[in-house]
Structure formats: structure tokens, C-alpha cells
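Colleague: Could you walk me through how to read burial and contacts in a structure file? I'd like the general idea and then the case at hand.

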Amino acid sequence: MKSISTVVFLLLLTVFPSYTVAQKYDAFHPGAEQWLDTEGEHIQAHGGGILLHEGVYYWYGEQRGFGEMGVRCYSSTDLYNWQPHGVVLGWSDAPGTDLTRRCTVERPKVIYNEKTGKFVMWFHLELEGIGYWAARTGVAVADSPTGPFEYLRSFRPHVGKIPVNAPIENIHERKRWDEIIKNAEGDRERRIAGEIFMRDLGVGQMARDMTVFKDDDGTAYHIASSEENLTLHIAKLTDDYLNFSGEFARVQPDGRNEAPAVFKYEGKYYMIASGLTGWAPNRARSFVADSMLGPWEPLGNPCVGGANTYNDLGPDKTFGGQSTYVLPAPGYEGQGKFIAMFDIWQPGDLKKSRYMWLPLVIQDGKPVIEWAKQWKVSDFGTPDNQRGAER
């Protein structure tokens, strides 16, 4: 005879065919089936980032589906099981707002400001009805990591500003700057990137795929794809993290990098990024610098090993994923061990896009990311030939 609970469960499946049951995770399963939250729903945190605050991890990311754009938040103490906190930044009916029902909000990242006690969210914003032409960055603030976040504004940064790594620093010498950047060492592509920079000098530079990075001394930086995604701009934020300080650098002109993820190890700054192929996966790239404002030197593709067992895509396609964030592995701080977060996009139905979290280690001064079908944070402390992770 079936138990009462079993009968109830079977009735739920009959009445609600899509009914799912929350499960307890004890490992990462990169790119496998949907990653469910503690209520049994597929996690909606695409293009996201992690905030560690008072021993709790908060995962912020894009909400896809549900009839609206917005940012959702989840919390966890073990990184495997995530409790939902709903939409913490959503659309508004307020007159004149940029956060309309059909705007596009992407790649939200949150950092905490110890001086102000505020949680600050930055994100890429595209205005309703004009595709990806607005190329703005947006900022919101909250008193709690679970929000609600108050939207402040969106804008294009660096109006009339020359980068710190430009040949000149004085905006009044614009003509000379114009000539130098157009020549760009005789390289046509770099010249075109420079022309786009000059095109936008008076209205502000484009800010699409983005992330933020908070340094050990509390200084925060905004990193975004600019100049029609040809060049990365890395900018220092003000002390309250709510605006740009005016100090920024152009990084890898015409490098065609997007989806930046920045982290630090032994005084050096590292960045993982992707190429420009829309929703389709491509070969990841990595960079290193002694300063956030550069110069940044390329290190090549960080991915190694076999293919993703779910899609047969190997290191040359980043196992089917695109970078979004790099998190220090808990318990291994200062040991060059990190968790690299990727999205496996499903452009036909973005809300079903998967998440791929993989182990990242620094070896010989370079980040190395290897495919693992299943793995745990504790695997970092186990010799390779004894690990239980499936590769």
C-alpha cells in the first residue's frame, strides 16, 4: 500500500505535470540538467555574479522569462544549494524611468561599500525599443543584500574624458589625439576602434558586457566592452561606488573582448573574457596585469582537457560556455584556486540557459580551467589522481 505522502505526490504530478521537487546538492554538475533552487525552480541568475557578505553567498543574475526583465537574487552557505529571494530590481511604471517593462538588463554585479553600508549594483542597460544602441551602464543601491534595490540612473560614461593610457592627457589637445589614434601604429582595425572612441567622446562611451571588481584596499572598478565591443574600458569608481571617478583606461584596442571576469592572485590581476560571436560559444581568452588600469598582457586560452560530455564541445569552444564571474574557492584563499562561472546560453529559450561552474587554478602564472562533469570544492585539496570528480 502506498503511503499518504506518495499518493499526494502522485496527485500533484497528475494535476501539475510541471511540478518539480527541490533537491539537495552536494556537488557541482556543470552544464547538466537545470540547476534548481531550494523551491525546485530553475535558477534565473544568468550573466550573474557573486557577493560574499557575513558568511553568506549572494548570487545576482538576469531574470529571463516570466514576462519581464529584471535581476533576481539567491543566497547560499555552501554554493550548491540556493534559496530564492525573488526579483530585487525590476521594471517600473514611474514616469521617465529607463527601467521599463521591455528594457534589457544584463550582467548585474553587486559590491558592498563598508564606508556607506550600502550594497551597490551595476549592470548593462539597453532602452526599450532601440535594440542594443543605447549601450548604457546602470546603477542601483540597497540597504540589504536581498534588496529591494533602488534604481538611481543609467548613462554612458567618460563624456569628454581621455583615458589615462592615452598618448596625451589634455582634452584641449583633441586634434593631436585624433590624429594619433586614427593612425594607431598603421593598424586599420585599431584605427577604426579609435575613430569610434572619438565618435562617442562628446556623448559618452558605450558600456555593454560588464563586471565590477573590488580590490583589497576597497577601491572598486567597472569593466565593460566599449567602442562597439572592440575595446574594453576599465574605470575606477568613486569612493561611494555610485559613479565614475574619471580615471579609466582603454584595454586591448580592437581585441574584440566581451563577458569580462576579473580576479586577483599574489598581487596580479587576471581576466577571463570571450570573443564576439553572439550567443554562440567561442574560444575563451585570458589576460594578466600588475595594475587594474593595465597594461594587460594576453595569456591565451585558459581552457584545457577533454570535451563537455553533454555537448561534445571542448576547450576551443570553452566547453559551450561564456564567462561571467570568477570566485575565490572557499577554504583555499591565497592558494590560487577559484571557481570560474560560465553561462551555457540557449538562445531559442534563454530562461532555460544552463550554468557551468568549473575549477580554475593558477599554474605557472596562468589561469587553467579544466572540464569536470561533477566536482566539489573539496576536490581542490585532493591530488589529481585521487579526485572523485568525473572528468
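Modeller: Buried means under 20% relative accessible area, exposed over 50%, and partly exposed in between, with a 1.4 Å probe and protein chains only. This is a predicted model, where local features need pLDDT of at least 70, side-chain atom pairs count only at pLDDT 80 or more, and totals for chains, interfaces and linings use all residues. Residues are numbered from 1 along each chain as its sequence is written, and side-chain values use heavy atoms, leaving out hydrogens and water.

Colleague: Is cysteine 73 buried or exposed?

Modeller: Cysteine 73 is buried, with a relative accessible area of 0%. For the protein chain, 52% of the 391 residues count as buried.

Colleague: How many disulfides are there?

Modeller: A disulfide is a pair of cysteine sulfur atoms within 2.5 Å. Searching the whole structure gives zero of them.

Colleague: Where does glycine 320 lie?

Modeller: Helices (H or I, at least four residues) and strands (E, at least two) are DSSP runs, numbered from the N terminus. Glycine 320 sits in the loop between β17 (303-304) and β18 (322-328), and is buried at 9% relative accessible area.

Colleague: Which residues is glycine 320 in contact with, leaving aside neighbours within four places in sequence?

Modeller: Contact means heavy atoms within 4.5 Å. On that basis, glycine 320 touches Pro281, Asn311, Leu313, Asp343 and Ile344, with neighbours within four places in sequence left aside.
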